[in-house]
Amino acid sequence: MSTLLATSSLTEAFAPMSARRLLVFGGIGLIAVGMLFGDIFAVFVLHQNGGQTGKALLLACDAASSGNVLAVKEIFQKVGELLEDRGTKVDAHVHMTDAGYLALLLALAQPFVALPPRRKKLLAGLFVIGGLFLPVGIFLIHYIELAYSPFAVIGWASVLADSAGALMILVLVFESYGIVRYLQQKKRSDESKFPTDRTWERRALMTGGAFLIFVGFLYGAWYAGIDLYRQEGREAQILKNMLDAASTADGSTTIEVANYGALAAEKAVKIAAHSHVIEFGLLAMLLSFVQPYVYLSARWKRRWVVVLLTGSLVLPVFVLLELSPLGLVAGGIADMGGLMVVIALIGMLVGVLRYSGQMDSAVGAG
Amino acid sequence: MSPARKMLLLGGLTLALLGMLYGLHYALFVEHQTLDRMGGTLEESFVNAAERRPAEAHAAVDAYASTKYAYVRQVDIHSHWIGLAMLLIVLGVAWDYVAFSDRMRTGVAIALLAGSFLFPLGVILQTVSRNTSLASALAIFGSATVTIALAAVVWGFWRFAP
């Protein structure tokens, strides 16, 4: 084993049932589950949902052509349900992975939080619970709808999601208070609780992560500056053409619906590429701090780092290539990229679990 | 704790809180109504087309586009603020690995923090008034500042020698 059960400060910072341990396990778990959910969604729901929406739009055009207002309204009810189905699943994926990132961040920030250990542990537990129930609530919005709800537009699933979000905000407020208290202290705890080693894994994850974020920022700036407004204009124009074609029944509605679908796909892949490359960069940087707690051989630690960084690049690049003639093949490769990240995460989580087990048994024996 | 690290950690936490509060407020009081309005105007455009009223159908599409313009940006503000907050906190923790002089590091930290506040603020202002160039200028300036500062950070990480 190249990873030693390190220094006393490292051990202290990762003590059994400590806030940091809870946040590291909870954070990596939330990210892995959130990404796995995203992969399943991309393979089994996303394209099918887009196809159904396109068909519904075509039916709406036909209904408009034949002057059937009632049918138009019924079809739009269906379109609304399809969009809600898609939107809530995307949001569940995003919020679960982001809650995981925040949990890892809080794990890093624990040495700067001047609160009693029991309170820190309670806050950590509440944050992980909030991070779990927020996406679960969002996911259920589409299925529970307004059943038994006393509110006009907000259902019980939304109440669950919003309450979980409020809980996370509350935890952040207390954590900030703890940091302010730390800053006010004259005698501060030792900051060396942050492992300061400079291993290959750490350097690769930190530099690679920052570079991925930088590339994501550049792409995002290009998208916002060049594409966003043009796409918004195109969407309105396509819809108008679609309506004109439906009114005159000249038979070109199919082309306009296809144009609309192509535009929606173009927007989706460009935004997905931008957000995923940045999120993976952030994840890589966060995981660089977890490396001292990954109890695996140096070779396996490097393997997981390479798998993670490769997957982080493969997913956004091949998501973009879905617009090329490669089409669904590129989509499949992108999903494999996502899976690589998930597998690397699980590999690292196993390493952290092994570290905890070794450390706990050493403490027990001592 | 160095001033740069303090700035990044506290700024990041403040930004995360701001982004979450904005998201909670938006989810509770704005999002459902906005989505209803978007769906409603789109449906209205097709109903108008079915009733052979093209001018009204086009007007409904314009109303849909206008609502969606605001919706996209309002959701972006929430996600970008929290995303940038997370970046600031991570960089705050990793700041020892940015191999520059203290002065340079403080300058980069100020640029990161300022850009992270200004970029989403510019996007918010775009939803308040669509035709103001100040909002777009602020968003562009903010995003450019963060991007350039991040390029410096990548270089700083690369320069770091153990």
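Helix H1 (residues 3-29) of chain B packs against helix H3 (residues 54-93) of chain B at an angle of about 155 degrees, and their axes lie 7 Å apart. Helices (H or I, at least four residues) and strands (E, at least two) are DSSP runs, numbered from the N terminus. Axes are lines fitted to C-alpha atoms, for helices over the stretch in contact, and angles run from 0 to 180 degrees between N-to-C directions. The angle therefore makes H1(B) roughly antiparallel to H3(B); angles under 35 degrees count as roughly parallel, over 145 as roughly antiparallel, 65 to 115 as roughly perpendicular and the rest as oblique. By class, the contact of H1(B) with H3(B) has 20 nonpolar, 7 polar and 1 charged residues. In this classification Ala, Val, Leu, Ile, Met, Phe, Trp, Tyr, Cys and Pro count as nonpolar, Asp, Glu, Lys and Arg as charged, and the others, Gly among them, as polar.

This is a predicted model, in which local features need pLDDT of at least 70 and side-chain atom pairs count only at pLDDT 80 or more, whereas totals for chains, interfaces and linings use all residues; side-chain values use heavy atoms, with hydrogens and water left out. Residues are numbered from 1 along each chain as its sequence is written, and chains are lettered from A and ligands numbered from 1 in the order in which they are written.

The predictor's confidence in each residue is the pLDDT, from 0 to 100. Chain B averages a pLDDT of 89, and 98% of its residues score at least 70. For chain A the average is 87, with 91% of the residues at 70 or above. Over residues 1-6 of chain A, the pLDDT is below 50. For the complex, the predictor gives an ipTM of 0.87 and a pTM of 0.83.

Chain A contains 9 helices and 0 strands. Its C-alpha trace spans about 85 × 50 × 35 Å along the principal axes. Within chain A, helix H7 (residues 253-290) packs with helix H3 (residues 69-109) at an angle of about 20 degrees, with axes 10 Å apart. H3(A) and H7(A) are therefore roughly parallel to each other. The contact between H3(A) and H7(A) comprises 11 nonpolar, 3 polar and 3 charged residues.

H7(A) also packs with helix H8 (residues 298-320) of chain A, at an angle of about 170 degrees and with the axes 8 Å apart. H7(A) and H8(A) are therefore roughly antiparallel to each other. Among the residues that make this contact are A:Ala273 and A:Val277 of H7(A), and A:Leu308 and A:Leu315 of H8(A). By class, the contact of H7(A) with H8(A) has 14 nonpolar, 3 polar and 1 charged residues.

The two chains also meet each other. Their contact (heavy atoms within 4.5 Å) takes 67 residues from chain A and 55 residues from chain B. Together, chain B and chain A bury about 5,600 Å², 75% of it on carbon and sulfur atoms. Buried area is the accessible area (1.4 Å probe) that two parts lose on being put together, summed over both. Of the area that chain B buries against chain A, B:Phe46, B:Met86 and B:Tyr97 supply 13%, more than any other three residues.
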